[in-house]
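I opened a new notebook page for this structure.

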Amino acid sequence: MNQDAHVPVLLHPAVDALAIDSRPDGTFVDATFGRGGHSRLILERLGPNGRLIAIDRDPDAVAAALTVHDPRFTCVHARFSELQATLDALQASGVDGVLFDVGVSSPQLGDARRGFGFGVDGPLDMRMDPTRGVAAADWLERADEAEIREVISNYGEERFAKQIAKAIVAARRGGSLRRTGQLAAVVAAAVRTREPGQNPATRTFQAVRIHVNQELEELSLALPQALAVLRRSGRLAVISFHSLEDRIVKNFMRSAAHPAVPERLPLRARELPQPRMRIIGSPRKPGPAEIEVNPRARSAVLRVAEKPH
Ligand SMILES: C[S@@+](CC[C@H](N)C(=O)[O-])C[C@H]1O[C@@H](n2cnc3c(N)ncnc32)[C@H](O)[C@@H]1O
């Protein structure tokens, strides 16, 4: 496969979920352009007066978007936690659908220079946006052992987080923790049992990446903004790849669909909090055929909700 390619996950279900056919001249947001798999299908479905605004925090993704020559399309270099400000700057205050396909792309994972992968040696960076934030090697150099352990345990759900954090702190004293290959070797030596078919560094790399990119915070900040910018009947579709992300999405949609009733009773019907979203269908996962051709899809979950009419 071309190193710069990314096979979109749940492509048709996610784009169908935006219900573009019912407002082909609406404005839609692809908050995670990547290599534009979902964006291209959205453009195919969009009418001549429709508009697609794409966002990505990775300058390489934004550069890839330059290959999309379509007057209905704009791509902005931003974090999706800046969704509202990004749309305000484009004078697009209300939108008809927002799609998030969170996590990392195959080009990010496959490019050794980005430092996401343990399979290919490179600088230990892991920032989706290398123009801001703190690289993984710099964070691992300065963080407390307890903080490292917590990140690896919480975001990687790694049983050996304590041993790994200890080994990282010992390795960095010798100044030998600047490359992905070095981190992978330190983790492999600290992990006692192996999960079949999985590199022992998988969980640690995932955890450090989630921390360095503040991925859960980004999602928590972006979802309420998506709800705020949606017009009536606008759709929110979110594909996540990790149980912690999925929990954030699930809880957000549930609490918007079933707002808490104040404890002060009795209330008149009109005083009851109104649902701010309606959940559409059940969570959707890729089938065996999709996972067979795209193993990255195996942990994906799509959730969809709609703003009430
Ligand atoms: C799984 S890929 C998206 C793939 C895309 N749907 C496609 O079909 O090519 C995730 C993309 O979202 C971007 N991304 C992740 N978190 C982001 C954030 N907080 N703000 C903006 N972009 C983000 C990543 O840089 C990456 O390019």
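Predicted model: local features only at pLDDT ≥ 70, side-chain atom pairs only at ≥ 80, totals over all residues.

**Entry 1: Gln214.** I looked up Gln214 in the loop between helix 10 (202-212) and helix 11. Is Gln214 buried, exposed or partly exposed? Its relative accessible area is 39%, so I put Gln214 down as partly exposed. I then checked the backbone. Phi of Gln214 is near 50°, which is a positive value in a residue other than glycine.

**Entry 2: Leu10.** I went on to another positive phi. Leu10 is not a glycine, and its phi is near 50°. I found Leu10 in the segment before helix 1 (11-17). The relative accessibility of Leu10 is 2%, so I wrote it down as buried.

**Entry 3: Leu227.** I moved to helix 11 (residues 215-229), where Leu227 is found. Leu227 has a relative accessible area of 6%, so this residue is buried. How far is Leu227 from Gly26, C-alpha to C-alpha? I noted 16 Å, for two residues that stand 201 residues apart along the chain.

**Entry 4: Asp70.** I looked for Asp70 and found it in the loop between helix 3 (59-65) and strand 3 (73-77). Asp70 has 18% relative accessibility; buried means under 20%, so Asp70 counts as buried. I also checked its side chain for a partner. The side chain of Asp70 makes a polar contact with the side chain of Arg72, at 2.8 Å.

**Entry 5: the ligand.** Where does the ligand sit? I found the ligand in the largest cavity. I counted 24 residues around the ligand, and the closest are His38, Asp56, Phe80, Asp101 and Glu218. I sorted this shell by type: eight residues are nonpolar, nine are polar and seven are charged.

Next I looked up single atom pairs. A nitrogen atom of the ligand is 2.7 Å from an N or O atom in the side chain of Asp101. For Gln108, an N or O atom of the side chain is 2.8 Å from an oxygen atom of the ligand.

Conventions:
Residues numbered from 1 in each chain as written. Heavy atoms only, no water. Near = heavy atom within 4 Å. Polar contact = N/O pair within 3.5 Å; in protein donor to acceptor, adjacent residues only side chain to side chain. 1 Å grid on protein atoms, 1.4 Å probe; cavity = no way out; pocket = protein on both sides within 12 Å on 5 of 7 lines; lining within 4 Å. Sits in = over half its atoms within 2 Å of the grid points. Nonpolar A, V, L, I, M, F, W, Y, C, P; charged D, E, K, R; others polar. Helix = DSSP H or I, 4+ residues; strand = E, 2+ residues; numbered from the N terminus. Buried < 20%, exposed > 50% of the residue type's maximum accessible area, 1.4 Å probe, protein only.
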